[in-house]
Each structure stands twice: as structure tokens, then as C-alpha cells.
Amino acid sequence: IFCPDCDPADVDAVTASAVDEPAGPLLEPIELTEESFGTVPRVYISTALDIVVGPDLQALMIERTPVDAVFTLDTGHAPYLTAADEIADILEQLETG
């Protein structure tokens, strides 16, 4: 589910490095202010084949936390494994503005 577009070696690497994540940070309310969080440039890399965080949920997250730009990759949840070059291209675009 996490990496449906990964090759078997990547699936093994992801499985071997997976650890439990604490739920506490997801449950803690936070306060975002325009003076702090509002000044941080934000972009979103949408993963069109993502099963973990599907496209509908990604769209909702983008809507609720507006971003300056959205890039879409035809990958699962782990584009850093399956589309590293494309991510690098996005970062270069952002750097050169």
C-alpha cells in the first residue's frame, strides 16, 4: 500500500526501515498564526497513485492549508524512491523561481 510502484528491493528497504510513529502529535491541537506560519512559502507535491493518502484527501489538505504551488507526480506515497529525479526537478524550479 505504501509503495505500490516500488520495485521489490525498495519495498524491502521501506519495510526494514519502518518504525511505529507516536499518535500524540496527531492529536495535539496547534495554533498557526499569520505572523509565523503565514510567512512560510508552501508547496505541495501531490502523489496521484497514493493509496495511503489518496488524491481526495490530498486535495482537502491543499484546500485547508493553501499553498503557493502544487506539483503532481504519478507515484505512490514514496516518490523519493520512485521519482527522485522528478522531485529534484521540482526543487530546482522552486530555487530558480
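## Report on a predicted 97-residue protein model

Of the 97 residues in the protein, 21% are buried, where buried means under 20% relative accessible area, exposed over 50% and partly exposed in between (1.4 Å probe, protein chains only). The model is predicted: local features need pLDDT of at least 70, side-chain atom pairs count only at pLDDT 80 or more, and totals for chains, interfaces and linings use all residues. Residues are numbered from 1 along each chain as its sequence is written, and side-chain values use heavy atoms, with hydrogens and water left out.

**Overall layout.** Five helices and two strands are present in the protein; helices (H or I, at least four residues) and strands (E, at least two) are DSSP runs, numbered from the N terminus. Their order from the N terminus is α-α-β-α-β-α-α. The C-alpha trace spans about 45 × 35 × 25 Å along its principal axes. The accessible surface is about 7,200 Å², and 58% of this belongs to carbon and sulfur atoms; such areas come from the Shrake-Rupley method with a 1.4 Å probe, and for residues only the protein chains shown count as cover. Among contacts (heavy atoms within 4.5 Å) between residues at least 6 apart in sequence, 69% join residues at least 24 apart.

**Nonpolar core.** A nonpolar core is a set of buried Ala, Val, Leu, Ile, Met, Phe, Trp, Tyr and Cys residues joined through side-chain atoms within 4.5 Å. The largest one consists of five residues: Phe71, Leu73, Ala83, Ile87 and Ile90. Strand S2 (69-73) and helix H5 (84-96) are the elements that give two or more residues to this core. Ile87 is in contact with Leu73, Pro79 and Tyr80, leaving aside its neighbours within four places in sequence.

**Disulfide.** One disulfide is found in a search of the whole structure, taking a disulfide as a pair of cysteine sulfur atoms within 2.5 Å. Cys3 is joined to Cys6, with an S to S distance of 1.3 Å. The torsion about the S-S bond of Cys3 and Cys6 is about 40°, so the disulfide is right-handed. Both cysteines are listed below.

| Residue | Relative accessibility | Class |
|---|---|---|
| Cys3 | 9% | buried |
| Cys6 | 12% | buried |

**Charge over a ring.** Arg42 lies over the face of Phe37, 4.5 Å from the ring centre. A charge sits over a ring if NZ of Lys or CZ of Arg is within 6 Å of the ring centre and within 35 degrees of the ring normal.
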